Amino acid sequence: MKLKFWGVRGSIPSPIQSQPISQKIVAALTEAGRTGVNLQNKEAVEAFVAGLPFTVNSTIGGNTTCLTLESTDQLIIFDAGSGMRELGRYLMTREFAEGKGRAAIFFTHTHWDHIQGFPFFVPAFIPGNEFDVYHVHPYVPDVLNDQMDSRVFPAQFAALGATFRFHKMDVGETVSLGAFSISNIELQHPGKAYAYRVEKGEDVVVLATDGEYKRLDHPSLKQYIDFYRDADMLIFDAQFSVRESFIKEDWGHSSGLIGADIARAAKVKRLVLFHHDPTSTDDEIMAALQQTREYLTHHDRRGPVMVDVAREGWEVVFNSAGDFQVEEANVDGLICLHLFGQFDARATETFMRSIVRVGQAHQNETIVLNMAGLQEISVAGVRALLEARGDVYNLAIVNVPPNVYRVMELSGTVDFFAIYPGLSDVPH
Ligand SMILES: [Zn+2]
Ligand SMILES: [Zn+2]
């Protein structure tokens with residue numbers, strides 16, 4: 001299944017301002033001057049830009065909450081914040097333009113930032129499209145109707161062309177949609193919000209946005225830890241710093257560091273900071289990410305929980321089938337390739353393509369292979385690792401799972417590699 005983030009902000013849409021854009025341009029040009037990239041050559045410039053840190057060549061995005069999970073036969077939308085407008089534009093390039101679209105929409109709750117994109121969701125206007133809306137709050141149909149009242153919006157809900165079917169769920173109820181199973185738990189939030197745990201095969205994604213964890217003792221957290229347990233990804237309300245979450249009691253939000261504790265206790269593989277504060281700049285959000293990573297490193301060097309920030313347009317593919325995947329990322333200035341799945345003979349071509357491309361884009365830099373997501377490696381995979389050393393300036397390997405390390409030992413190659421416990425241990 002594929003996850004995509006269409007809106008990642010909390011509270012209110014917050015488009016990037018002109019000053020941070022100027023700062024990004026200044027940072028990019030300064031770096032171009034330092035590295036001496038050939039500015040006359042478009043391909044060289046493009047490769048240079050692609051290699052810049054995320055905060056320089058891109059942005060987190062300002063749209064409010066909207067995500068999709070999709071498999072070959074199901075499309076599930078979570079929340080209808082302003083990111084839903086962009087989702088609608090994309091769906092109109094597909095079967096939804098012809099009135100042949102089908103999707104489920106799950107609502108966590110009905111605060112503005114989770115519904116305000118709905119009136120601008122074009123597929124809802126197209127006759128023939130069908131939407132099944134799932135909600136725990138009984139008043140979700142009324143709220144969708146009321147926010148399109150003629151006093152505040154020109155088009156009314158009742159006049160929408162698409163068909164809507166509403167399904168009221170109980171707290172704790174599990175809904176099955178094809179191969180997906182979706183359960184919910186109540187979160188502490190003004191007016192209540194509901195977290196969703198989505199399972200498909202062995203893949204588990206939890207969306208836990210708009211939740212406050214006021215009491216941090218184990219009995220109070222236990223129900224959440226149980227609900228989030230063993231998730232491949234926990235998407236977590238990190239609107240506040242820890243300090244803010246203590247001061248702004250009852251505002252209904254949490255922080256990355258509290259998420260780190262819960263993720264660790266629940267043995268979550270990847271924590272994703274989400275529902276960013278509208279006042280936070282890209283740099284501030286990345287600083288919160290850095291703090292969360294640092295906290296986890298200090299806290300526990302054994303089982304690494306990967307931490308990321310949600311940003312608009314980010315796609316993540318989950319595959320319990322073990323298909324090999326490579327995801328490129330710039331983590332605190334380090335060029336990283338996250339490896340997932342089974343690294344065997346079928347994977348080497350994909351791996352080498354990524355290595356060659358990254359090696360060319362980042363000459364004279366250390367390339368880090370993060371193996372936390374690898375399920376296993378074969379000798380063919382080890383052989384590809386050896387070859388990779390020739391394609392990059394400097395290769396570092398981190399977060400090697402014990403079974404993968406053992407294969408490297410058995411093949412007598414451990415000493416060929418620079419292996420570090422975690423990302424923060426790589427010298428740079
Ligand atoms: Zn919210
Ligand atoms: Zn809310």
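Which residue forms a salt bridge with Glu86? In this predicted model, the partner of Glu86 is Arg89, and the closest N and O atoms of the two are 3.2 Å apart. Side chains of opposite charge can pair when their charged atoms come close. Glu86 and Arg89 both belong to helix α4, which covers residues 83–91, and they stand 3 residues apart, about one turn of the helix. Glu86 is partly exposed, with a relative accessible area of 31%. Arg89 has a relative accessible area of 52% and is exposed, because the limit for that class is over 50%.

Helix α4 also has residues that are covered. Gly83, Met84, Leu87, Gly88 and Leu91 of α4 are buried. Against which strands do the buried residues of α4 pack? They pack against β1, β2 (66–70), β3 (75–78) and β4.

Glu130 pairs with Arg102, the closest N and O atoms being 3.6 Å apart. This pair links distant parts of the chain, for Glu130 is in strand β5 (residues 130–135) and Arg102 is in strand β4 (residues 102–106), 28 residues apart. Both residues are partly exposed: the relative accessible area is 21% for Glu130 and 45% for Arg102.

A further salt bridge joins a helix to a strand. Arg357 pairs with Glu328, and their closest N and O atoms are 3.0 Å apart. Here too the pair links distant parts of the chain: Arg357 lies in helix α10 (residues 348–361) and Glu328 in strand β15 (residues 325–331), 29 residues apart. Arg357 counts as partly exposed at 47% relative accessibility, and Glu328 is partly exposed at 35%. Salt bridges may also share partners, and in this way Arg102, Glu130, Asp132 and Arg165 are joined into one network. A search of the whole structure finds 30 salt bridges.

Attention now turns to nonpolar residues. Which residues touch the most other members of the largest nonpolar core? That core has 63 residues, and those with the most contacts to other members are Phe5, Phe106, Tyr213, Tyr228 and Ile235. When residues up to four places away in sequence are not counted, Tyr228 touches Leu187, Arg197, Val206, Ala208, Tyr213, Leu234, Ile262, Ala266 and Val268.

Ile16, Ile21, Ile25 and Leu29 make a nonpolar surface patch of about 350 Å². Ile16 lies in the loop between β1 (2–7) and α1 (18–35). With a relative accessible area of 35%, Ile16 is partly exposed.

Is a residue in a loop buried or exposed, as in the case of Ser254? Ser254 is found in the loop between α7 (242–247) and α8 (256–265). At 1% relative accessibility, Ser254 counts as buried, because buried means under 20%. Leaving aside neighbours within four places in sequence, Ser254 is in contact with Gly211, Tyr213, Phe236, Asp237, Ala238, Gln239 and Phe240. One of these contacts, Tyr213, has already been named among the residues of the core.

Gly252 also has its place in the loop between α7 and α8. Gly252 is buried, with a relative accessible area of 0%. Apart from neighbours within four places in sequence, the contacts of Gly252 are Gln188, His189, Pro190, Asp210, Gly211, Glu212 and Asp237.

Val136 counts as buried at 4% relative accessibility. Its contacts, leaving aside neighbours within four places in sequence, are Lys168, Met169, Asp170, Val171, Asn184, Tyr194 and Tyr196. How far apart are the C-alpha atoms of Val136 and Ala345? They are separated by 47 Å, and the two residues are 209 residues apart along the chain.

Definitions and conventions: Residues numbered from 1 in each chain as written. Chains lettered and ligands numbered in written order. Predicted model: local features only at pLDDT ≥ 70, side-chain atom pairs only at ≥ 80, totals over all residues. Heavy atoms only, no water. Patch = residues over 30% accessible without salt bridge, like charges linked within 9 Å, V, L, I, M, F, W, Y side chains within 5 Å. Areas by Shrake-Rupley, 256 points an atom, 1.4 Å probe, with all protein chains shown as cover. Salt bridge = Lys/Arg side-chain N within 4 Å of Asp/Glu carboxyl O. Helix = DSSP H or I, 4+ residues; strand = E, 2+ residues; numbered from the N terminus. Buried < 20%, exposed > 50% of the residue type's maximum accessible area, 1.4 Å probe, protein only. Core = buried A, V, L, I, M, F, W, Y, C linked by side-chain atoms within 4.5 Å. Contact = heavy atoms within 4.5 Å.
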